[in-house]
Amino acid sequence: MKIIRIDTMRKLEQQAIASGVPGYELMRRAGEGAAREIRAFARGREFGRAVVLAGRGNNGGDALVVAARLGLPVIIYAAGPLNELRGEAAEAARDLPENIEVRVCDGLTGRDFRRDDLIIDGLLGTGFTGELRPRFRNWIETANRSGCPIAALDLPSGINGDTGKADSGLAIRAELTVTFGCPKYGLFRADGPAASGRLRLVDIGVPEPEESEGEAFFAADAEELLHRPAYDTYKNLRGRLLIAAGSSDYSGAAVLCSRAALRAGAGIVRLATPVRPYAALPGALIVREVDTAAGSFDKESIPALAEMMQQSDAVAAGSGWSQCRGSAAVLSALQEFPGPLLLDADALNTAAREPQRWLRHGKTVITPHPGEAKRLAEAFGVPQFEDRTNFALALAAKLDAVTVLKGPHTVVADPSGRWSLNTSGCAALATAGSGDVLAGIIGALLAGNPEHPFEMAKLGVFLHGLAGETGKAGLIADDLPEFAAEAKARLTR
């Protein structure tokens with residue numbers, strides 16, 4: 001989905017209205033879609049009621065539509081009498097069920113919230129810039145301090161929709177932001193990501209924008225790429241993936257990567273590993289212990305890898321390798337593979353240690369975290385831009401590789417200059433082994449669709465993020481492969 005500026009969004013709404021769609025219909029679509037996403041967010045959590053914070057403008061109108069359709073007990077704290085609203089917001093107030101309590105409030109205190117509340121932020125919309133009024137500063141501070149989960153509508157109140165800055169130094173801290181029509185630039189810049197939490201997009205029927213600041217990847221984009229396998233398919237057609245992973249120090253990485261690849265839909269997964277892992281291996285996995293002198297990949301491993309590469313549509317390598325001098329020769333051998341090659345973790349550290357060995361061109365995907373990206377940049381002479389998108393693009397261009405720069409709103413950059421920001425995920429993914437699972441998911445997708453590494457990288461990152469969102473407190477990387485399979489099943493057409 002194209003990322004746009006606020007004035008572009010206004011033009012799109014005006015075009016939709018000019019084409020015959022009433023403004024209130026756009027608001028109704030936004031509110032009903034937001035209510036649907038908030039219900040999904042709340043599923044499995046015991047909320048006693050929803051507390052809706054409604055401003056005086058159209059964002060407040062959106063909040064009133066949400067209040068009418070949430071399916072929870074609702075109380076509305078309104079910034080002014082509903083009979084003073086104008087335009088589409090007045091129509092939303094007219095349609096509000098009479099049994100919903102409305103309180104007009106000058107200020108809020110902690111006593112206005114209960115521990116089992118879900119807060120809906122409809123205070124300030126895309127028109128906000130500058131300083132917060134004292135009343136709204138009080139409301140935002142009190143909501144943030146309440147400890148209750150917050151779902152923001154379109155933008156977290158206090159965030160500038162174009163710059164992403166909290167102009168007053170304060171903004172709603174949402175766990176979920178449901179944005180309407182197109183994703184706004186400010187959601188991905190400055191204070192925007194920390195304030196927004198996970199993102200969802202509601203299609204309200206505005207035209208496709210011609211102008212764009214870039215691309216963000218949402219569920220609708222994943223649905224376009226995912227299709228059910230043909231009834232008469234068989235395992236070789238679903239993709240054959242070779243995983244070169246593990247060492248005597250990090251044998252679990254090989255298991256996580258392999259299990260994720262199987263769950264992500266690869267037809268055949270072969271694991272080449274220097275040592276038999278301690279953890280239980282899936283019965284569907286084909287395992288080969290390669291020759292090695294030191295419990296990690298070295299030149300003695302190359303003949304077995306070369307043989308297995310001939311039976312593969314894609315290769316994923318690097319998870320759990322550990323730092324070993326012999327891995328440089330292995331990296332050189334892997335770069336001779338003609339199909340998609342994913343390099344993760346210590347394969348990237350090996351490349352940074354001996355950049356002269358980098359001979360790879362095209363159909364390469366690298367998945368660095370910020371530390372690995374820094375080492376690659378220093379080794380290959382890549383400028384380390386503060387802006388993560390520009391940094392990922394610079395790495396992609398220099399190494400001629402699709403670059404997955406991991407972190408909040410993971411950046412996926414293509415050597416051609418295309419880029420995309422991921423919108424799924426949560427803090428639960430910041431756990432040991434999570435990156436090994438991501439490597440397995442993307443590897444499986446590359447094996448099944450080897451001609452489109454950029455698209456498969458975007459899709460894999462999104463599925464990995466959804467898997468993290470599915471988990472509850474105490475999530476570990478071992479849980480993620482099954483959750484990723486569930487996420488893929490929900491999205492598959």
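Guide: In this predicted model, helices α9 and α10 are roughly parallel to each other, a term that covers angles under 35 degrees, because their axes cross at roughly 20 degrees. Helix α9 spans residues 302-309 and helix α10 residues 327-334, and their axes come within 10 Å; here axes are lines fitted to C-alpha atoms over the stretch in contact, and angles run from 0 to 180 degrees between N-to-C directions. Helices are DSSP runs of H or I with at least four residues, numbered from the N terminus, as are strands, which are runs of E with at least two. The crossing of α9 and α10 is right-handed, meaning that the near helix is turned clockwise from the far one by less than a right angle. On the α9 side the contact (heavy atoms within 4.5 Å) is made by Ile302, Leu305 and Met309, and on the α10 side by Ala329, Val330, Ala333 and Leu334. These contact residues divide into seven nonpolar, no polar and no charged, where Ala, Val, Leu, Ile, Met, Phe, Trp, Tyr, Cys and Pro count as nonpolar, Asp, Glu, Lys and Arg as charged, and the others, Gly among them, as polar.

As for the basis of this description, residues are numbered from 1 along each chain as its sequence is written, and side-chain values use heavy atoms, with hydrogens and water left out. Local features need pLDDT of at least 70, side-chain atom pairs count only at pLDDT 80 or more, and totals for chains, interfaces and linings use all residues.

Elsewhere in the model, an open sheet of seven strands has parallel pairing in the order β4-β3-β2-β5-β6-β7-β8, two strands being paired if DSSP finds at least two bridges between them.

Note on methods:
Parallel < 35°, antiparallel > 145°, perpendicular 65-115°, else oblique.
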